Structure formats: C-alpha cells, structure tokens
Amino acid sequence: HNSAAPLRVLCRFDEAIARFYEAGQILHQLGDRDGEARALDGMATVLRYAGELQQAKDLLQAAITLRRASGAKREQAISLLVLGQIERDAGHTAAAIALHDQAAALVSAPHDRAQALIALGQDYLAAGSLVVARQKFDEIAGLDLPVTHRYLGLALTEIGILEARAGNTAAAIDALNRAIEIHRINGSELEEAQTLYRRAEAAMRAGNADAVLADTNDALRLFDGIGLQGTHAESRALFRASYRGAVELRIAALLADAEFAEKLGDSKKAQLLLRDALAASDRSRAALLTEASREAPIRSLARRAEVYELLAGKRQRQQRLLEAAEPNAGELAAVGKDIALLRTEASVIESGLAKSQSASSGASTTHSEALLEAVPPGALVAEYFLGNSRGWLFEVRDGVVAVHPLPGPSEIEALARRLHVSWRTFAGTSGTRLTMSRSLAALLFEPLGNSPPAGEFRIIPDGGLHLVPMAL
C-alpha cells in the first residue's frame with residue numbers, strides 16, 4: 001500500500017493500481033476492513049486521475065460501505081469528499097453538495113470541518129450560488145484553526161475571488177494578501193503562485209495594469225521554479241490552467257499599456273510592448289514542454305527524471321503535513337529544506353541540459369528580438385493564443401508585430417473540436433464539414449486581410465487549433 005502512493009503521484013497509474021489491489025486483497029484476507037477501504041480509496045484516486053470516473057465512483061462507494069459498517073466516520077467523510085469532487089467535476093453540483101453535506105455531518109475536528117466547508121463552498125460556486133458559497137468560506141474563519149493553517153489560506157483565496165467578482169477591489173486585495181502570506185509562511189509555492197494569479201485578476205478588473213504585470217511576473221517565476229514535472233498528479237491540471245491564466249493576464253496588461261502608449265503618440269514604446277506580449281505567448285508554450293533534446297546526455301536526463309520524481313513526492317508530503325490539525329513545524333521545515341535542495345539540483349541539471357542543447361542545435365530563447373530574427377524576410381507568421389476568456393492573433397511581418405483580438409476563445413475551441421470529430425468519425429455530411437471549415441477560417445484569418453500573403457506563411461496554433469490542419 002505504501003509503495004503504491006508514490007507511483008500514483010508520478011502518474012505511473014497501472015503500477016499503482018496493481019499495488020493497491022494486491023494490498024487490498026491481503027488486508028481483506030486479514031479481516032482489516034479499514035485497511036481494505038484505504039486500498040479501495042487509493043485505487044479510486046488513481047482511476048479518477050486516469051479518467052476512469054465510473055470505476056472510481058464504484059470503488060469509493062464500496063469503501064464508504066466498509067467504513068460505515070466499521071463506524072469509521074472520519075474515514076467515511078474522506079471518501080465522500082472525493083466522491084463529491086468527481087460529481088462536481090462532471091457538472092453534477094446537486095449530487096456533489098449532497099455528498100459533501102454528508103461528509104461535513106460526520107466530522108467535528110476543526111481541520112476536518114474546514115476541508116468539508118471548502119468543498120461545499122466550491123460546490124456552490126460551481127452551481128452559481130455565490131452567497132451560500134461565501135457563507136461556507138466565512139464559516140472557516142470562525143473555526144479553531146491556527147492562523148497560518150492551509151485551509152484558512154485556501155478559504156481567504158476563495159473569498160478574495162468572490163470580492164473581486166463583486167467589484168470590491170480593496171476587500172479582494174486584502175483577503176488575497178492574507179492568503180499569500182499564509183501560503184508563503186507554509187512554503188506552499190504552488191498555492192502562493194495560484195493566489196498571486198488571482199490577485200492579478202482582481203487588479204485587472206480594477207484596471208491596474210502595473211499591478212497585473214508585477215503579480216504575473218512573480219507568479220510565473222514561482223511556476224517556473226516549481227516546474228510541471230515537480231508537481232504531483234493531483235496538481236498538474238491546476239498547474240497548467242493557472243500558468244496559462246497568468247500568461248493571459250500578462251498579455252492583456254501589456255496590450256493595455258501598448259494601447260495607452262499609442263494614444264500618447266509613442267509608437268516605438270507601443271511596438272516594444274506588443275513584442276513583449278508576443279514573447280509571453282510564445283514562452284507559455286515552451287515552458288510547459290517537458291521533453292528535452294535528443295542530444296542531451298542520457299545520464300543527465302535520467303537524474304533529471306529522478307529529481308523531479310523526488311520533488312513530486314516531497315511536495316505531496318508537504319501538503320499532507322499542512323492539512324494536519326496542528327502542522328508539525330519541525331517536519332515542515334525538514335521537508336521544505338529537502339524541496340529547496342532538490343530544486344537547486346534541478347536548476348543545475350536544467351542549466352546543463354540547456355547548454356548541451358544549445359551546443360548541438362543552437363540556443364533557444366523566447367526573447368522578443370530572437371523571435372523576430374527567426375522570421376525570414378517577407379514571411380508572415382500568425383501565432384494564436386486562446387486563453388480562458390480572451391484570445392489574440394499575433395501577426396508578425398517584416399519585423400513588426402500587430403495584435404488582433406479574437407472572438408470568444410471557447411467558440412473557436414468548440415468549433416475546432418467539432419470539426420475534428422466530424423473528420424475522425426465521418427459525422428455529418430461533407431457540406432456540413434465545409435460550412436464549419438469556412439466559419440473557422442473566417443474567425444482565424446479575416447484579421448490578416450482578404451489577400452493571401454505573397455511570401456511564406458507560417459501558422460502557430462494553440463489549444464484545440466492543433467487538431468485542425470491548416471493551409472492556403
């Protein structure tokens with residue numbers, strides 16, 4: 001059982017399931033029903049992150065039945081919390097609320113109550129019941145928790161987001177500042193980065209582009225330091241979404257500054273800001289790629305993978321410690337020291353890999369000047385960025401960057417995916433596919449003008465656009 005948990009953290013799902021299953025069989029034979037339920041929980045968690053949701057739900061229900069029979073209320077609540085999260089992710093908010101209400105009724109310890117209340121608050125947020133969600137998050141502040149407890153920091157982050165939505169910028173910033181301080185004290189770098197991103201959102205709503213740039217810069221620095229491979233399986237999807245969200249805000253702030261500079265007649269500064277926005281878009285793709293050059297030394301790649309595996313495990317251990325009723329300061333300090341040492345080693349390895357890659361294939365950078373130098377004379381580059389709520393087309397031609405806002409990214413994503421499915425499954429008629437193709441082409445290419453480019457034309461897609469072949 002203990003050997004399966006690290007395998008789950010590292011996304012080695014088949015091996016983890018096999019270990020949990022073997023542990024469950026042994027514990028069943030020994031008559032240890034609580035241990036058997038823990039093994040079922042472990043398998044369910046793995047299956048959840050592998051996308052096998054119905055199997056995960058079945059196993060969690062089996063674990064709940066075993067724990068109900070043994071009277072293990074707290075452990076039963078843990079299974080109910082995970083089952084509710086699966087229902088919420090599937091859009092079944094009413095079912096999620098019912099399950100999380102059951103979990104909350106089973107526990108009394110402050111940190112257990114806080115965990116259930118956070119889950120309920122997020123359920124009501126997903127259901128659009130903002131007032132009830134706020135009540136749940138506020139209730140956490142009244143619990144007997146240490147002032148630096150992780151759950152209090154998470155609740156303050158959610159309160160800050162709600163205040164920002166309501167237009168209460170000062171209250172939002174205050175709550176998010178307190179959350180950032182808690183995450184910083186606890187050494188929770190990922191949660192600190194995600195909260196910095198949320199504070200940047202609040203600043204964007206208030207029209208403070210300078211604050212947006214400062215917070216997204218700090219958030220991206222933390223994200224880069226953590227690294228996607230250094231996060232455990234449960235955090236990777238959130239890491240990607242938060243990273244891209246911070247980049248989206250950064251681009252929006254740079255474009256707002258460029259527009260202001262243009263209004264003041266400073267075209268040179270405006271162009272520099274547009275180039276920085278292009279570099280941010282390009283950097284967001286490169287930073288999430290995890291494969292190194294084939295020319296890199298095998299030994300370095302092997303140690304790199306090992307270090308990131310150790311980092312993922314240490315970060316999960318840190319999170320578990322922070323979830324305790326009274327986090328052990330000594331153990332947290334030791335884990336924090338281990339994480340710092342592993343990050344230092346990871347940085348050294350990455351530096352060495354970058355040098356070997358540079359020597360074999362030329363230096364790689366996302367600096368705006370380097371990006372423009374890579375475009376051949378007379379060529380046109382169209383680079384797309386599809387964010388959560390904003391999308392842009394970056395047009396690069398003869399050393400000049402122009403940026404065109406795109407209509408709803410969700411509309412473009414949905415159209416691209418429907419078109420892909422129609423090709424892959426032969427759904428619909430050829431006329432329907434042609435209509436969808438023309439609609440997508442109009443959204444993507446109209447900003448570039450009606451005439452095809454005279455020289456080379458390079459397209460850099462994003463998101464669902466990678467599913468669609470494009471040519472002129």
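## Guided tour of the predicted model

Select Asp-398 first: with a relative accessibility of 57%, Asp-398 counts as exposed. Here exposed means over 50% relative accessible area, buried under 20%, and partly exposed in between, with a 1.4 Å probe and protein chains only. The model is predicted, so local features need pLDDT of at least 70 and side-chain atom pairs count only at pLDDT 80 or more, whereas totals for chains, interfaces and linings use all residues. Residues are numbered from 1 along each chain as its sequence is written, and side-chain values use heavy atoms, with hydrogens and water left out.

**The loop and the sheet**

Asp-398 sits in the loop that joins β2 (391–397) to β3 (400–406); helices (H or I, at least four residues) and strands (E, at least two) are DSSP runs, numbered from the N terminus. The phi of Asp-398 is near 55 degrees, a positive value in a residue other than glycine. Most residues other than glycine have a negative phi.

Next, display the strands on either side of this loop. β2 and β3 pair in the antiparallel sense over seven bridges; two strands pair if DSSP finds at least two bridges between them. Within this pairing, Leu-393 stands opposite His-404 in β3.

Then widen the view to the open sheet, whose four strands run in the order β3-β2-β1-β4 with mixed pairing. Why does one side of β3 and of β4 lack a neighbour in the sheet? β3 and β4 (457–460) stand at the edges, each with a single partner strand, so one side of each has no neighbour there. From one strand to the next, the twist averages 15 degrees.

**Aromatic pairs**

How many aromatic pairs does a search of the whole structure find? The search finds three. Select Phe-223 and Tyr-243, a tilted pair with 5.6 Å centre to centre and 55 degrees between the planes. Rings of Phe, Tyr and Trp (its six-membered ring) pair if their centres lie within 6.5 Å; planes under 30 degrees apart count as stacked, over 60 as edge-to-face and the rest as tilted. Phe-223 belongs to helix α12 (residues 209–226) and Tyr-243 to helix α13 (residues 233–263), so the pair ties together parts that are 20 residues apart in sequence. Phe-223 and Tyr-243 are buried.

Phe-385 and Trp-392 form a further tilted pair, 6.0 Å centre to centre with 40 degrees between the planes. Both Phe-385 and Trp-392 are buried.

Return to α12 and show the whole helix. Its 18 residues reach 26 Å from the first C-alpha to the last, close to the 26 Å expected at 1.5 Å a residue; the expected span is 1.5 Å times one less than the number of residues. Buried residues of α12 include Val-212, Leu-213, Asp-215, Thr-216 and Phe-223.

Select helix α8 (residues 130–141) and helix α9 (residues 150–165), which pack at an angle of about 145 degrees with their axes 9 Å apart. Axes are lines fitted to C-alpha atoms, for helices over the stretch in contact, and angles run from 0 to 180 degrees between N-to-C directions.

Glu-191, in helix α11 (residues 189–205), is buried at a relative accessible area of 13%. Leaving aside residues up to four places away in sequence, Glu-191 touches Arg-150, Leu-154 and His-183, where contact means heavy atoms within 4.5 Å.

Finish at Ala-279 in helix α14 (residues 267–287), buried with a relative accessible area of 11%. Ala-279 and Ala-370 are 91 residues apart in sequence and 9.3 Å apart in space, C-alpha to C-alpha.
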